[in-house]
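Welcome! Have a look at it first, and then read on.

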Amino acid sequence: MNVMQPIDRIRGGVHEKERHESGHKHVTGSAEYIDDMPEPAGTLHAYLGLSQRAHAEIVSIDFSEASSSPGVVGILTAEDIPGENDISPVHRHDDPVFAAGKVEFHGQPIFAVVAGTREAARRAAARVKVEYRDLPHAIDVLEAAEADYPLVFDPLKLERGDIETGFAKARNVIEGEMRIGGQDHFYLEGQIALAIPGEDDEIVVHSSTQHPSETQHMVGQVLGVAAHAVTVNVRRMGGGFGGKETQANLFAAVAAIAAKKYGRAVKIRPDRDDDMTATGKRHDFHVGYRIGFDDEGRIEAIDATYSARCGFSADLSGPVTDRALFHADNCYFFPHVRLRSKPLKTNTVSNTAFRGFGGPQGMVGGERMIEEIGYALGKDPLEIRKANFYGDEGRNLTPYHQRVEDNIIGRIVEELETSADYAARRKAVLAFNRDSRIVKRGITLTPVKFGISFTKTEYNQAGALVHVYADGSIQLNHGGTEMGQGLYTKVAQVVADAFQVDLDRIRVTATSTSKVPNTSATAASSGSDLNGMAAADAARQIKARLIRFAAECYGVAESDVVFEPNVVRVGAERMAFSAFIKAAYGARVQLSAAGFYKTPKIHWDRAEGRGRPFFYYAYGASCSEVSVDTLTGEYQVDRTDILHDVGRSLNPAIDIGQVEGGFVQGMGWLTTEELWWDDKGRLRTHAPSTYKIPLASDRPRIFNVKLAEWSVNREETIGRSKAVGEPPLMLAISVLEAISMAAASVADYRICPRIDAPATPERVLMAIERLRAAARKE
Amino acid sequence: MAAEIRNTIRFLLNHEFVELSDVSPVQTLLDFLRLDRRLRGTKEGCAEGDCGACTVLVGHLADGQLKYETVNACIRFVGSLDGCHVVTVEALAAPGGPLHPVQQAMVDTHASQCGFCTPGFVMSLYGLWMENPRPTVEAIERALQGNLCRCTGYAPIIRAAEVVSTIGEVGKDPLVAEREAIGRKLQALKDGKRVVVGEGGERSVLPASVDDLAAVYEAEPDARLVAGATDVGLWVTKFMRDIAPVIHLGHLDELRRISVDAAGVTLGAGVSYTEAYPAIVEHFPQLAELWNRIGGEQVRNMGTVGGNIANGSPIGDTPPPLIALGASVTLRKGGNRRSLPLENFFIDYGKQDRQPGEFVESVRIPFLAANARFAVYKITKRLDEDISAVCGAFRIDLDVGGRVADVVIAYGGMAGTPKRATHAEAALKGRAWDEVSIEAAAAAMATDYTPLTDWRASAAYRLLVAQNLLRRFHLETTGTETVRLDRKVGMAV
């Protein structure tokens, strides 16, 4: 045995600010995305042909010109699908790969041209002539309701207390409505898949997917083969944000069908415009609300209906609209409440998951109700917020009957009020607005509480596979996917920590359905909670074997075998980790393990609207100050302060990145990102030239972001951390409301401006005009 | 005298000399890099010059000086690269070798998440760092206007740009240290010949001189003139339009001349926004903000004022202020030139006063009269890298009595062409420059325009904002009140 000098701690354990595992490859351009992979010899390229009508029967299709175009190998339609022409992730059979007979939205795939090059396939696809017979269409959610369009999923009702009693008791009642726009994901790497046919019915698909297991099943379903024949791999995505949770399946399916048909590898990558036209987005919502409250601003009763533009099929609209309802309360106790969802079918692309999964829309609607109370009573909305925070027994029950047991919003808001100097700055803003005629300012502090867990209980499970090789290097694989959020880095830190070895000893390999089966989507902020625990479980199993081996081999108690930084102490002696592993291998110790985890405590009865859908809550708050030009509606965010709760951070550098990035993405959603359909049902903002996500110059002029370092998850999560992917997006609500306050100043803050989202300069100016007119009338 | 002809395109790609005889007129630099050369560090994010994931540096000799500029490879045609040095992210660090200071800074500040936009950011920051090693936040933001990141929220990328110079010295960078040698290599490629590659209709032509251009275009008036390709590039990548035969203009030094005399500034039609910037800021400081909000940095490096005019778009950024300034254009066909006021060049939507075989050779911008007041305002959904919903430009001359002696008001985004508000002007002319006249002019403006409703703005907003911009101009010319957002908030001094 070698005697080693002990070192303090390993490099890259949990809670360390570790760099992204691919950072050095990102900056050199050597990080490989699917379009960068060397194509197998003879690779063909597929290109989709999209519907040019919002709702129509297909009368005829003329492929002749396309078929004879240079380089074209063939054309796929619904008839070429060997299995089912359906990729509905919720098995509703309403989501065809290729429309057959009828199209239900402008941009729906009808066929795919397969050719020797992408260019040839794309040019030929444009030469196909489709003859349509138009049917009436409904694009907007209210239009669809008016036209009695069906719901794409059973609606949800959350009810607690008795709203009639509540409203009867309330001294003030306000009714109103709000529209909340959708959002395109604008992942920088568009959708893509590369399918490589194998022996018998086997196929390997490289897919830019957040949900490899579902992609595997969908490919199996369209090919009519069992899951064991399909392997789906993904090393990394160039962004996902929910846009590759189900939407990647279409591309994987088409590539797979073509690959099997032609016996050659097939790649498919749509142009950005087609990607944005043919794939789903964040749901737009219409919220109708009735609020009852007392003279202090305490809520007595809330009755609200959240109607969503779901598009032509269900996709994930059921759970998305559910989550909207789960977050209408945000941090506030509603004594009497009724919340209803209306997932409406429309002749638009089927909307899907997007960071927050309906939660942000629920929360924006809820915060609008708070704002209404504030303006109605002439109070600072922050006062109203604090008066309604969840509290002790009797004031801690959510509309879905889960008890809020880990509430820290009071402390978070108090600390942020102090660090952002809220009270003094609000006074200064009010004074500024008295003197400034054209430029007006607004300042708002808004809280966030976000429920963590998939509301579909079965998704809350994960697997991991850890191999320790005889040379002491460690390979880690788990069911989570890397889309930039740093999951691979965090889980590697967990494994490094478990074995007490430096992080560079761990290599994370591409997520593959052949390594870890039956995985859940990397979504719902759950990636490190689930996969971190599964990886820790695998490491625990291997360590247990190693400890048993060492205790037996060296004749010490098991408690005397200790994994210290880069060494293993056995009794009084220490040996290098690699030497120890070599010895264990020699003694025929199994050095590989599959880990597993399932989230405890959660349950949910949707029919009853009761349960504990969330394991815990993540909290945060932000304070934003804005300036608005009342001549044009232009605005800028002058300053934002954020205090956010990630429990005990697994990696503070990565978590800060999630908070900053989530905030700016949320800000884009609520300000400049506008989805605009024309009267023919065509989405006209379908590229970065027309759809405006934030730029560097849009981020707050002063931007202070802090983690609540004192926070520790009450629940036993990995390292007592909390999920971080989605919650920060909703911190951006402070920007929307600060703009609203600046607008409200033109009518002396007596009227709630009711600015719909996104608050484009146009909406802001028009609201200001409305407020000025209303103030003149008084 | 006909020019001598060469049938190959020659340029440097990183450390390599490239000579191509078979180049499609619609071949983009991005596809060439990724498909032909398998250099896959440069990414395609949008294929329309908006996201910057495909950013590379292109070095060219401008009057003997080698300058490197960021460009969008997705809309840059390979045919336009003759005599250039293309630098991609692969050139910055050898595989397995140390990272370039810009790359190291990005890693250290956690400035990449998904990593897909990252090579583009690295190239934009590299271009900035070479010219400006210790940039202000404002300069960094300007350099990054053409780069979209969806993950980070940009804060760590800004930090990276701020710390690069603590990691490495610009002087040791190869493109700086070896600039003279590279310049000599590029100079050697300049043989003064007309370049023609491709056959028949599928030709790209690079005329040897402006005279040669005039001859070539007169002989082939159906050819497509391409300068910066910031619009024509999209005809190819988005609409798959056939644009051949193509005549490239960007390499012609003579078209990139800027001359200043006692009465005004003349910009050659091939002058890019970036090249024009110093002269614009010096002589028309009121245009500086607008200039900095045209496209992103890459687009300003590629796009030209001449192209912005010749293109005839109703939402081009430069025509409204140039009309307000009384600019004129010089058109040339063969050996004949004619000049006309810019506003007369725009006849109708998609129609300009330009004969077959005739091209825009230069733009003349007269200086403002000493007592004139001038401003231009661009209204967009997003502050930077966005197309105008409305762009309003205003010039007034007041007489000694404070009355409006002369007035020009021109808008983009309000009609099928960049168009003057003649009724509003009439309501102001001869009147006192006061609120009463402004309100009369604003009311008259409703008869000047019937704007469209589209995804950028509704008709109602367009008209209201157009009227309010006149009000803003009045306030800015008469008082000291703050009427604009303060972009300096929070900026370190």
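**Domains and contacts at a glance**

In chain B, the C-alpha centres of domain 1 and domain 2 are 26 Å apart. Please keep in mind as you read that this is a predicted model.

**Inside chain B**

- Chain B is divided into domain 1 (5–90 + 179–248), domain 2 (101–172), domain 3 (255–366) and domain 4 (372–478).
- Where domain 1 of chain B meets domain 2 of chain B, 15 residues of domain 1 are in contact with 13 residues of domain 2.
- On the domain 1 side of this contact in chain B, β4 (55–62) and β5 (65–72) each supply at least two residues.
- Sorted by class, that side of domain 1 of chain B has seven nonpolar, six polar and two charged residues.

**A record for chain B**

- An unreviewed UniProt entry lists residues 197–370 of chain B as "domain: FAD-binding PCMH-type".
- The span 197–370 of chain B is 31% helix and 25% strand, and its end C-alpha atoms lie 51 Å apart.

**Inside chain A**

- Chain A is divided into domain 1 (23–32 + 461–598), domain 2 (42–136 + 185–278) and domain 3 (284–455 + 606–777).
- Between domain 1 of chain A and domain 3 of chain A, the C-alpha centres lie 39 Å apart.
- Their contact takes 17 residues from domain 1 of chain A and 17 residues from domain 3 of chain A.
- Which elements give two or more residues to the side of domain 1 of chain A that touches domain 3 of chain A? They are α14 (487–499) and α15 (527–554) of chain A.
- The largest share of that side, six residues, comes from α15(A).
- By class, the side of domain 1 of chain A that touches domain 3 of chain A has five nonpolar, 10 polar and two charged residues.

**Where the two chains touch**

- How many residues does the contact take from each chain? Chain B gives 68 residues and chain A gives 71 residues.
- On the side of chain B that touches chain A, the elements that give two or more residues are α2 (101–108), α3 (118–131), α5 (155–167) and α18 (459–478) of chain B.
- Of these, α18(B) provides the largest share of that side, with six residues.
- The side of chain B that touches chain A has 35 nonpolar, 16 polar and 17 charged residues.

Note on methods: Residues numbered from 1 in each chain as written. Chains lettered and ligands numbered in written order. Predicted model: local features only at pLDDT ≥ 70, side-chain atom pairs only at ≥ 80, totals over all residues. Contact = placed C-beta atoms within 7 Å. Helix = DSSP H or I, 4+ residues; strand = E, 2+ residues; numbered from the N terminus. Nonpolar A, V, L, I, M, F, W, Y, C, P; charged D, E, K, R; others polar. Domains from an automatic or database assignment. UniProt positions renumbered as here; feature names shortened; annotations may be inferred.
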